[in-house]
Amino acid sequence: MASNIRIEDVRKVYRTGKDDVEAVSRVSFAVHEGEFVAILGPSGCGKSTLLMMCAGLEPATSGTISIGNTVVRAPRADVGIMFQDSTLLPWKTVLDNILFPVRVQRRPKAEYRKRALGLIEMVGLSGFEDKKPHQLSGGMRQRVAICRALVTDPDILLMDEPFSALDAMTRDEMNDALLDIWDRYRKTGLFVTHSIREAVYLADRVLVMTRRPATIIEDLKIPFARPRNRAIGETPEFNEICGYLRSLIERKQDQAATRREAA
Amino acid sequence: MTDDTIRTSTARSEALSTFGLPIAVGVIFLVAWQVAVRTAHIPQVILPAPTDIIGSFDGIVGVLAHHAWASGSESFIAFVLATLLGLAVAILLCTSVLAFEAIYPHMVLFQLIPKIALAPLFTFWLGIAAPSRLTYATFISFFPVALATMTGLARADANALRLCRALTANRWQTFCYVQIPYSLPYFFSGAKVAATMAVIGIVVGEFISAKEGLGYYILYAGSRGETAHIFAAMIVLCAIGLLLYGLTVKAEQMMQAWWRG
């Protein structure tokens, strides 16, 4: 089954009465099967809105988003999703939270239980199966959210700044965990972040999005082979790429500031 | 001082302030009451001293128990009916946006009516026996449950609702798996109000028409000028209210244990 994502000329306009706000402005790109693409941009640039439209949680004002050969009009069961907030149900145990999609989608629980336990082991949460979310740290909760997104073995994984609420060290750990998962399961992934290093470390391609206009201004291939490890973060090449992306984003913001001053 | 003694001493001072302080205030109040009544020579009909009230239990324990059973059992039934009805109404109204928007404002408005004023109507409609009192008590105590539960259902975590949508959950699943559990804390805050309202409803009903019950007994004792007996009946009423409230808190704690594990 084809699991590529195609975004064609997508716009999102919020009507707020007086003046309309263009949250996403004519964006087009494709994510190929098995590819991990990061959308990088400052907060408020519309990158999360774009992801929500891919998930079928928000309608596009115009343009089309398709997964495989079908146009996305509503959420799909073959797409896993992670949010900035882990969104665990506080009264459910770790295991039951992970099995929540199985329950909702009426899949055979016994079958998926084994898979869930395997995922728990992989993210290093063995022994925590029966704990409740409030007994876990923020990083552990986000690990549970990863397991929940993967439990039904979706072809596509959409991630909306899943690690941005974590402290820097936990975030590094989570990045390594995600890389590890990627090497094992090879999904098609779309990852939204405002961290340049995170985007470069994780993705095969980084798309840079700006605020005004809310569109993609760069599509950069990241040349590092997989499996990756933290050592690549120390290489000159890695830092060169990060520097280039940073200058791109800052220049764009400076331009916007100058325009505002001129106006 | 070692760590342990520090810990036990802070635990002791905490226990002192949570239990010791209110008990001390209560004792001071009772002593002041006693002294005031005795030194000012207030007649017992107007205000009996605490010792007079305790003394008055002597000889009426059997009678009080009989009336307490009547009021207590009716309060309990009204409370159970009110929580079930409140829950049912809340769920029914929240499954339909139209029904919610049409009826919720009226429920809030109704909450503002001094519903005690409606009590005589129920005697009018349903006669002077238990059904009238039960209906009235249920009627006034189901509002807080319904309103609180509706608030809870409407305030389910927005992120969790979005997760349900992303997982392709249908409305019924979202309702059962997410909205109902999120509304439970609200439901219990409403049920705690209902526990006290149910007792009030039954006593008011008994004031209007009853052949037994503590409300009836209070009027009876009042007509005979036995003020100490009124206070004795009130103490028993307090105990009934406390029992219902305590049961609700116990159930709430069980829910919290399930929630947080």
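Two strands pair if DSSP finds at least two bridges between them, and strands (E, at least two residues) and helices (H or I, at least four) are DSSP runs numbered from the N terminus. The model on screen is predicted, so local features need pLDDT of at least 70 and side-chain atom pairs count only at pLDDT 80 or more, while totals for chains, interfaces and linings use all residues. Residues are numbered from 1 along each chain as its sequence is written, and chains are lettered from A in the order in which they are written.

**Strand E8 of chain A**

Select residues 188-193 of chain A, which form strand E8(A). Six of its six residues are buried, a residue being buried if 20 or more other C-beta atoms, placed from the backbone, lie within 10 Å of its own. Thr188(A), Leu190(A) and Val192(A) point one way, while Gly189(A), Phe191(A) and Thr193(A) point the other way. In a regular strand the side chains alternate between the two faces of the sheet.

**Its partners**

With helix H6(A), residues 168-185, the strands E7(A) and E8(A) make a right-handed β-α-β unit: with the strands pointing away from the viewer, the path from the first strand over the helix to the second runs clockwise.

**The nonpolar cores**

Now select Cys54(A), Cys147(A), Leu158(A) and Ala203(A), the residues with the most contacts inside the largest nonpolar core, which has 82 residues. Such a core is a set of buried Ala, Val, Leu, Ile, Met, Phe, Trp, Tyr and Cys residues joined through C-beta atoms within 7 Å. Helix H5(A), residues 138-150, gives the most to this core, with six residues. Leaving aside neighbours within four places in sequence, Cys147(A) is in contact (C-beta atoms, placed from the backbone, within 7 Å) with Ile98(A), Ala116(A), Leu119(A), Ile120(A) and Val123(A). Another core, of 46 residues, lies apart from the largest one and includes Ala82(B), Ile218(B), Ala228(B) and Leu237(B).

**Chain B**

Finally, colour domain 1 (1-41) and domain 2 (58-260) of chain B separately; these bounds come from an automatic or database domain assignment, and the C-alpha centres of the two domains lie 33 Å apart.

Note on methods
A residue is buried if 20 or more other C-beta atoms lie within 10 Å of its own, exposed if 12 or fewer, and partly exposed in between; C-beta atoms are placed from the backbone. Two residues are in contact if their C-beta atoms, placed from the backbone, lie within 7 Å.
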